[in-house]
Amino acid sequence: MKKLFSNIKGDAFGGITAGIVALPLALAFGVSSGLGPSAGLYGAIFISFFAALLGGTNTQISGPTAPMTAVSMVVIAGIIAVNDGDVSKALPIILTVFLLGGLLQVGLGVFGFGKYIKYIPYPVVSGFMTAIGVIILVTQILPAIGYYPKEDMAFVETFKPQAEEIILENILKEEAGEGILVLENFTETVARAGNTTQEDILKESKALAANDASGVLGTLKVLQQALRNIIWLEFILALATIFIIYGFKRITTVIPSTLVALLVVSGVAFAFNLDYRPIEEIPSGLPIPNFGIFTEFSFNNISPYILAALTLALLGSIDSLLTSVVADNMTKTKHQPNKELIGQGIGNSIAAIFGGLPGAGATIRTVVNIKSGGKTKLSGMIAGIMLLIILLALGPVASKIPAAVLAGILITVGIGVMDYKGLKAIPSLPRDMKIGPLKVSSEVIIMLVVLVLSSIWNLVYAVGIGMIIASLMFMKKIGDLTAQSSDVKPLKEEVWKDEIGFPEKLKEEVFIKHLKGPLFFGTTNDFQQLAKQIPKTASTVVIRLEKMPYMDQSGLYVMEDMLLDLKNKNIEVVFVNLLDQPRYMMERIDIIPDLISEDRIFNNFNECIAWVKNELENGNLNDN
């Protein structure tokens, strides 16, 4: 408790700043999900507070994030579609799925699954994150130009025949459930069908229209029609929002540009009484628990959605732990992964009970918190309290925000969340497999498969397929390599034969590291500990690579990060016996020669030590 209040001033400023940054994103994610702005705000309040209080990362700020919202959007749309397009009817089941996802996340933490998250390959994460960006970007085009498919009556009319069929099917299902034989009681069927009103048909048609135009493919399908019905005021508001978000960053980053865009564009639209479309009304007062979810919490009701809940749990875990790593790097601390999953799961579970969206650790908000002075769990708790105060004090005002402004904010989020590092690397990655007459990169194939399938089909299945492909390709590569050499062992320090006579006087200044076995997505976590092993007296690091036969894209980037870190500390790095495949990978992204020049790569250990001795004697190596 004493530690919790050891940095009150910094935590208060960090939490308040992070809460303000979270506000526009929480509202935007809520609207995008289909549950309304209050769902995003409630999620941000409860997840931020409880994940901070009970989690394992002191400085993490949590709440709805782009990946979690994208998956939630798919879950919500699917449940609403089977509930006659009625959000209020579908809400208890939706929140039950969110609650189950939170409980599964707690289970992942309790059973120690946090340490296994590192085994997800970089190309899978890259393809998934880029797909999230594509989904958010494309699906926000329609609200950004003021087009809502279920309000376009010409479009809705095309679904009336299908709506009538569905209504009739539902009548037949009801009769079957009641034990009525249709052929013997046909008049009963006719009578029930006759009670169907035009309003019922229109309602079903609107639900079908909205569902047909959802997602990336649905948006592209109606885009031409939408552009013919563009509302220019909505488009201008969205465009102004995007312009301010990118433009204001050039002036200063002290004040969040997203918040500036929200306040300026909304303020102008309201002050000039423009005829814009506002977001849904945010309920005033304290959030109220939705006890309806407990009536739905039965195996029969949730069994069709267990996979969706597990997806939310896994994605929330990955998203949170990646942010925890960012926080660790900035604060030089070490998070507790399993405790973090438990805290995130409890936060998501409580948020679901109050009608909030699921979320995870949010990288940008966490960075803002740390840079603003946040150091303990109190900062995340204050961020949640700050959002609750805004809800209570400014709920009616926030309800006047133009929907197009939030669409503009989300478009910038979609652009920002894409993995440009992975995309830029596509032309330079080695083409290590053949498809027919073509030579292609296996890692690019994995990335593109996950990207395409996530964008146009199913996020869950796409990641699963990507993991399977990555695992199979990895097993083949390692099988090929181990056939040539069976000495593939974990990373472990030991003195090799040619190092037995290494001069004692050099040991304080020269640190020798051995890499044995492939550097791939499963060993990157161990490799990251390298910098921590280096004594403060060392001016040179010798990395022996003769037993590292293979490096994948994840290993490549962790090697790059480590070299940059050592370079910033003015520590010289030299390689010994660099093999062909790792050299080729490092040359493709210019680690060689930008970070390790050719004259720092030696064919054997004796040549390396002779060079080190000479450089030390001449005073050419940096002294720490």
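Tutor: A term to begin with: helices (H or I, at least four residues) are DSSP runs, numbered from the N terminus. The model is predicted, so local features need pLDDT of at least 70 and side-chain atom pairs count only at pLDDT 80 or more, while totals for chains, interfaces and linings use all residues. Residues are numbered from 1 along each chain as its sequence is written, and side-chain values use heavy atoms, with hydrogens and water left out.

Student: Which helices each supply at least two residues of the lining of the second largest cavity?
Tutor: A cavity is a set of points on a 1 Å grid over the protein atoms alone where a 1.4 Å probe fits but cannot get out, and lining residues have an atom within 4 Å of a point. The lining here is made by Ala22, Ala44, Ser48, Ile61, Ser62, Arg365, Ala383 and Leu387. At least two residues each come from α2 (37-54) and α19 (377-398).

Student: What is the volume of the largest cavity?
Tutor: Grid points are joined across faces, edges and corners, and a volume is the space filled by probe spheres set on the points. For the largest cavity the volume is about 100 Å³.

Student: Which helix gives the largest share of the lining of the largest cavity?
Tutor: Its lining includes Ser442, Glu443, Met473, Phe474 and Lys477. Both α22 (442-456) and α23 (459-484) supply at least two residues. The largest share, 4 residues, belongs to α23.

Student: At what angle do α5 and α11 pack?
Tutor: Axes are lines fitted to C-alpha atoms over the stretch in contact, and angles run from 0 to 180 degrees between N-to-C directions. The axes of α5 (residues 122-139) and α11 (residues 215-228) are 9 Å apart, and the angle is about 35°.

Student: Which residues of α5 make that contact?
Tutor: Contact means heavy atoms within 4.5 Å. On the α11 side it involves Gly215, Val216, Thr219 and Leu220. On the α5 side the residues are Val134, Ile135, Val138 and Thr139.

Student: How many residues apart in sequence are the parts tied together by Glu151 and Arg277?
Tutor: A salt bridge is a side-chain nitrogen of Lys or Arg within 4 Å of a carboxyl oxygen of Asp or Glu, and the count comes to 10. Glu151 and Arg277 form one at 2.7 Å, N to O. Glu151 lies in the loop between α6 (141-144) and α7 (153-157) and Arg277 in the loop between α13 (257-271) and α14 (292-296), so the parts tied together are 126 residues apart.

How values were computed. On a 1 Å grid over the protein atoms alone, a cavity is a set of points where a 1.4 Å probe fits but cannot get out, and a pocket is an open set with protein on both sides within 12 Å along at least five of seven lines; lining residues have an atom within 4 Å of a point.
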